[in-house]
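The sequence and the model are shown first.

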Amino acid sequence: MNIITKSFDLGNGQMATIETGKLARQADGSAVLKVGKTMLLATVCAKADAGENVDFMPLTVDYQEKFASNGKIPGSFHRREMRPSDYEVLICRLVDRALRPLFPEDFHADTQVQVFLISADPETQPDALACLAANAALAASDIPFNGPISEVRVSRVNGEYLVNPTTSQIEQADLDIIVAATMENIVMVEGEASEAQEADLLQAIQVAHDAIKVHCAALMEFTQMAGKTQKREYCHENNDEDLRSKIEAACYDKVYAVAKSGKGKKERGADFKAVLEEYLTTYSDEERAGLNMFLVKKYFHDVEYKAMREMILSERIRLDGRNTTTVRPIWTEVDYLPGAHGSAIFTRGETQSLTTVTLGAKKDEKLLDGAMFDYFERFMLHYNFPGFSTGEVKPNRGQSRREIGHGNLAARALRKVLPNQEECPYTIRIVSDILESNGSSSMATVCAGTLALMDAGVQIKAPVSGIAMGLIKEGDRAAILSDILGDEDHLGDMDFKVTGTANGITAVQMDIKIDGLPYDLLNTALLQAREGRLHILGKMTESLTTPREDYKPHTPRIVALKVDAEFIGPIIGPGGKHIQELQRETNTTISIEDEGKFGLVQIYSIDQEGMEKAIARIKGISGRPEIGADYEGKVRSIQAYGAFVEFMPGRDGLLHVSELSWDRIDKVEDVLQEGQMIKVRLLEIDPKTGKFRLSAKVFQEKPEGYVERPATPRPPRPEGDRRDRGDRGGDRRDRGDRGPRTREN
């Protein structure tokens with residue numbers, strides 16, 4: 001084996017080692033990245049030739065965490081790793097978005113990158129290391145790639161920017177981003193913050209880039225060590241330059257005019273199609289039959305690309321007639337769905353989100369079972385993008401990676417303003433259904449989600465809005481676009497989404513498709529985005545300025561009670577018997593969390609009467625009897641001298657016949673029956689035995705002239721009464737004068 005290794009500083013004082021030649025040697029390229037106990041195996045394979053009529057990069061990136069890496073067995077039914085979790089899909093996207101722009105534009109062979117977590121350390125997050133491992137595999141292969149590239153995480157903890165911090169440090173961060181970059185340029189940014197300022201975000205990106213440059217230098221040396229500086233030769237395109245020139249000459253001016261018309265998406269698309277059809281009529285039927293229609297459509301798309309970009313750069317006019325800073329018209333509506341706990345419509349131009357909020361109980365939390373974590377999530381945001389939103393026919397076959405990614409971005413944006421669990425004990429689920437889409441539906445989700453939360457009565461810290469920024473750059477000319485269209489995203493050079501409150505940024509996601517984005521241009525984009533966000537916030541507050549003061553009448557209520565830990569068992573009962581019976585009888589959902597000295601009991605119900613009954617029962621079980629307090633008790637048994645009444649769950653007291661009534665009662669059975677409910681007052685707790693003495697007559701009016709009967713003295717016990725042996729030397733408990741007991745005596 002020819003094993004090659006390279007070690008370097010990861011950026012936080014920790015050493016990273018990349019190795020090739022030991023594992024997965026039949027792949028085109030493979031590498032193992034080791035950081036402490038964390039190890040990632042990355043492989044890459046690419047076909048030798050491209051498929052027919054393919055003019056894009058068919059790249060697939062897969063990431064999987066092996067549960068054995070952290071000494072765990074999967075919690076799924078099959079007890080094996082199944083389809084990728086949302087967390088794994090998000091890491092796939094982080095790697096994909098970093099690698100994809102760096103493959104040569106004319107390389108179209110199917111390529112697959114796979115990254116596996118094979119050894120884990122709970123304090124080392126693998127998500128920011130996966131891209132480094134993937135590029136190490138590419139570096140050890142002959143697959144053409146314009147890298148190197150790497151990713152790092154930067155978190156700000158107590159004002160200090162930390163590169164690839166530990167898990168414990170990340171939990172304390174008020175800014176947390178992952179940045180992908182080459183030696184020269186930023187390629188991708190994704191993360192969240194607690195209302196950070198634009199300058200803070202820029203500084204974090206710069207700190208990340210400085211660390212990444214060290215990684216890239218190590219990767220370049222690793223490529224040389226592996227002997228892979230010479231990449232494979234390929235030919236994946238067959239072009240017809242004469243045809244390209246003809247199409248541009250015949251169509252450019254007409255396409256430019258359509259682009260400048262300011263029409264809507266459908267009308268503009270129809271006009272572009274008409275221009276192409278008109279061009280094709282210049283060919284005879286015989287000539288048209290011989291045309292390579294794949295190339296015709298490709299070159300016509302290039303004309304659209306060039307015309308749209310030139311129009312924006314030279315005239316500062318966009319496809320829908322706006323200038324570079326104008327946000328499309330916005331209208332919003334809240335409380336649109338009367339049956340939902342909260343709902344909102346947010347429409348911006350031709351993009352529309354219908355969003356709902358549902359407030360659930362503790363049992364509705366989502367269990368996240370992964371190799372690196374195992375916990376319950378009380379906040380969920382689900383984003384759906386059906387085909388009809390863009391006028392397409394598309395089967396609904398589960399959520400795509402794009403839908404998971406967009407939902408995660410919106411969730412990050414809103415999570416920062418949610419109240420804590422004590423202020424809002426609900427499990428919160430937001431669902432955004434995109435009904436129309438022409439640019440930045442994820443940002444529409446953020447805006448609609450904010451309005452729906454406020455409509456539901458969730459006391460968020462501040463409203464959040466979002467905007468997608470674009471970029472057109474040719475040489476020294478550049479235009480930053482606010483609130484981009486779908487075509488501007490597709491034909492442009494940047495998709496930069498920024499969300500935040502009036503006070504600062506809560507989430508970002510940036511993808512750059514070109515080489516070179518100066519920091520001053522990035523800063524300009526952030527400041528322009530802030531202006532757009534504030535404008536959108538103003539439009540949103542026309543529907544609702546602050547959260548509603550209370551939840552809607554049909555929203556189930558949650559009451560949280562703290563009980564001493566010693567009462568958790570009695571509340572639950574053997575095998576859950578008591579709590580299950582309580583839930584059935586009161587039509588409630590009850591959850592209990594053990595918090596050490598205390599237990600947190602949450603009662604969830606839309607039935608107010610049932611809620612009050614459940615509260616009373618639990619308080620009864622967990623409360624301590626108080627002398628002088630009144631209780632509603634149940635007669636458990638009847639004796640000649642009185643009755644035993646369960647006045648608190650599990651606690652019986654004696655209701656003596658003399659405490660039943662001011663009048664004389666000869667037989668207890670004349671006034672009480674077993675199972676009867678009766679109001680009693682606790683008169684006394686015996687300090688020695690802990691027994692309880694109750695009274696019912698205190699609730700009756702005392703008869704006028706009533707004279708308390710004197711207590712009847714107890715007669716003296718007869719001589720020899722076995723209950724009094726204090727004067728008897730022969731007491732069996734005192735054998736001191738009898739000597740040892742033997743079989744003989």
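Aspartate 86 and lysine 366 form a salt bridge in which the closest N and O atoms are 3.7 Å apart. A salt bridge here is a side-chain nitrogen of Lys or Arg within 4 Å of a carboxyl oxygen of Asp or Glu. Aspartate 86 lies in helix 1 and lysine 366 in strand 14 (residues 366-369), so the pair ties together parts that are 280 residues apart in sequence. Helices (DSSP H or I, at least four residues) and strands (E, at least two) are DSSP runs numbered from the N terminus.

Aspartate 86 is partly exposed, with a relative accessible area of 33%, and lysine 366 is also partly exposed, at 30%. Buried means under 20% relative accessible area, exposed over 50%, and partly exposed in between, with a 1.4 Å probe and protein chains only.

## Basis of the values

The model is predicted: local features need pLDDT of at least 70 and side-chain atom pairs count only at pLDDT 80 or more, while totals for chains, interfaces and linings use all residues. Residues are numbered from 1 along each chain as its sequence is written, and side-chain values use heavy atoms, with hydrogens and water left out.

## Further salt bridges

How many salt bridges does the rule give? The count comes to 54. One of them joins glutamate 190 and arginine 412, with the closest N and O atoms 3.5 Å apart. Glutamate 190 lies in strand 10 (residues 186-196) and arginine 412 in helix 9, so this pair ties together parts that are 222 residues apart in sequence. Are the two partners buried or exposed? Glutamate 190 counts as buried because its relative accessibility is 6%, and arginine 412 counts as buried at 15%.

The side chains of lysine 263 and aspartate 271 also meet in a salt bridge, at 2.8 Å from N to O. Lysine 263 is partly exposed, with a relative accessible area of 38%, and aspartate 271 is partly exposed at 23%. Elsewhere, salt bridges that share partners join Arg97, Glu190, Glu192, Arg412, Lys416 and Asp511 into one network.

## Acidic residues at the surface

Glu422, Glu423, Asp594 and Glu595 gather in a patch of negative charge on the surface. A patch is made of residues with over 30% relative accessible area and no salt bridge, with like charges joined within 9 Å. Asp and Glu count as negative, and the place of the charge is taken as CG of Asp or CD of Glu. Accessible areas come from the Shrake-Rupley method with a 1.4 Å probe.

Glutamate 52 is placed in the loop between strand 4 (38-46) and strand 5 (59-65). Glutamate 52 counts as exposed because its relative accessibility is 71%. Its C-alpha atom is separated by 9.5 Å from that of glutamate 237, 185 residues apart along the chain. Glutamate 609 belongs to helix 15 (residues 608-622) and is exposed, with a relative accessible area of 54%.

## Backbone geometry

Which form does the peptide bond from glycine 147 to proline 148 take? The bond is cis, with omega near 5 degrees. Proline 148 is found in the loop between helix 2 (130-139) and strand 7 (150-157).

Arginine 79 has a phi near 55 degrees, a positive value in a residue other than glycine. Arginine 79 sits in the loop between strand 5 and helix 1 (86-99). For asparagine 587, phi is likewise positive and near 55 degrees; this residue lies in the loop between helix 14 (577-586) and strand 23 (589-594).

## Overall dimensions

The chain has 15 helices and 29 strands. Buried residues make up 51% of its 745 residues. Along the principal axes, the C-alpha atoms fill a box of roughly 130 × 70 × 50 Å.

The radius of gyration of the chain is 37 Å, whereas a compact globule of 745 residues would have one near 27 Å. The radius is taken over C-alpha atoms, and the globule rule is 2.2 Å times the number of residues to the power 0.38.

Methods: Patch = residues over 30% accessible without salt bridge, like charges linked within 9 Å, V, L, I, M, F, W, Y side chains within 5 Å.
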